[in-house]
Every structure is written in structure tokens, then in C-alpha cells.
Amino acid sequence: MRWITRENIKVDRVACPWLIKRFVDQAAEFLFVPEGELLETARRESATPFDATRFSEVKLNHRGDRCTFEAILEDFRLSDPALQRLGRIVRAADVKGQEAVAEEGLGLRAIAQGFGALGLSDEERLRRQFPMYDALYAYAQQRVE
């Protein structure tokens, strides 16, 4: 299945593809496009859009104070406590004003900003950061509340 989001990915738009590939759709393909082209390209490519808060048509989006990662957990009924904890970490990193939800969030935000500063393509950001999310998930498994 194809999935699509805005280009220049950072926290949630890296975490969501990791979650999708690991727990929802192992054969997932990801497209990254300018925000203004998102809905048209999603229709043309039969791709599922995610994390595009400007568009009410996009179902997999921030919901209230929660991030898109958490929307995917909810919609795909992923109840693993470690994934739930990881969702809070992603929210703390991604959603301004939610930093207190998980102390690890500020570190994740800094790492995401650093990857952005490297000038890597979105595909390369996924390739390099997926192992970090694997490690963060293992960490969350050890610290489930």
C-alpha cells in the first residue's frame, strides 16, 4: 500500500512510517510531496495521506493534543503498552505545549532537528532513523508503566 505525507519530515512524519512499516503494513511505500500537492497526489497515486493537519479530509492526523502516531495506534487498534509509551514520547517531541507528557521528547525533538539540518532526503531520513525508533521502542518496552 502507498502512504503519503508532506515533504521535509521531522518527528511525527518519521515515527509514523516506522510504526506503519513495523506494525501495520510491512510492504508500505511512502511518498513525500509539497503540502499543496498532497491531496491531488494522494488521489492520483491511491495513497493514504497522513500527518497533514491543514487538511480536514486527512483522517490520520493530530487529534486534539495528540499526534498522528497516536491516531494510527488508535485506528489500527495497536494496544501494545510500549507503543503507547512511544506515542507519548513522539507527542512530547512533536506537539508544542505537550513536552511534559514524556521527558524523552525534548531529546527526540533535538535529534529530529539534527537530521533535518543534515540536508538529507526524506527517504534517507527514514533509512537512518528507523534503527533509532527500533531502539526507542526497545527502551519503551523496558519502561512500560
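This is a predicted model: local features need pLDDT of at least 70, side-chain atom pairs count only at pLDDT 80 or more; totals for chains, interfaces and linings use all residues.
**The whole chain**

Follow the cartoon along the sequence and the pattern reads β-α-β-α-β-α-α-α-α. The C-alpha atoms fill a box of roughly 45 × 35 × 30 Å, taken along the principal axes.

**The largest nonpolar core**

Next, select Trp 18, Leu 19, Phe 30, Phe 69, Val 90, Leu 108 and Tyr 133. Of the 37 residues in the largest nonpolar core, these touch the most other members. Such a core is a set of buried Ala, Val, Leu, Ile, Met, Phe, Trp, Tyr and Cys residues joined through side-chain atoms within 4.5 Å; buried means under 20% relative accessible area, exposed over 50%, and partly exposed in between (1.4 Å probe, protein chains only). At least two residues of this core come from each of α1 (12-24), β2 (29-33), α3 (68-75), α4 (81-94), α5 (105-117) and α6 (122-142).

Now colour a second, separate core of nine residues, which includes Ile 4, Leu 39, Ala 47 and Phe 55.

Zoom in on Phe 69. Not counting residues up to four places away in sequence, Phe 69 touches Asp 12, Ala 15, Cys 16, Trp 18, Leu 19, Leu 83, Leu 86, Gly 87 and Val 90, a contact being heavy atoms within 4.5 Å.

Is Thr 41 buried or exposed? Select Thr 41 in helix α2 (residues 38-45): this residue is buried, with a relative accessible area of 8%. Leaving aside neighbours within four places in sequence, Thr 41 is in contact with Ile 4 and Val 33.

Then move to Thr 48, in strand β3 (residues 47-49). At 22% relative accessibility, Thr 48 counts as partly exposed. With neighbours within four places in sequence set aside, Thr 48 is in contact with Met 1, Arg 2, Trp 3, Ile 4 and Leu 60. For one last stop, draw a distance between the C-alpha atoms of Thr 48 and Phe 30: they are separated by 9.4 Å, and the two residues are 18 apart along the chain.

Terms used
Residues are numbered from 1 along each chain as its sequence is written. Side-chain values use heavy atoms; hydrogens and water are left out. Helices (H or I, at least four residues) and strands (E, at least two) are DSSP runs, numbered from the N terminus.
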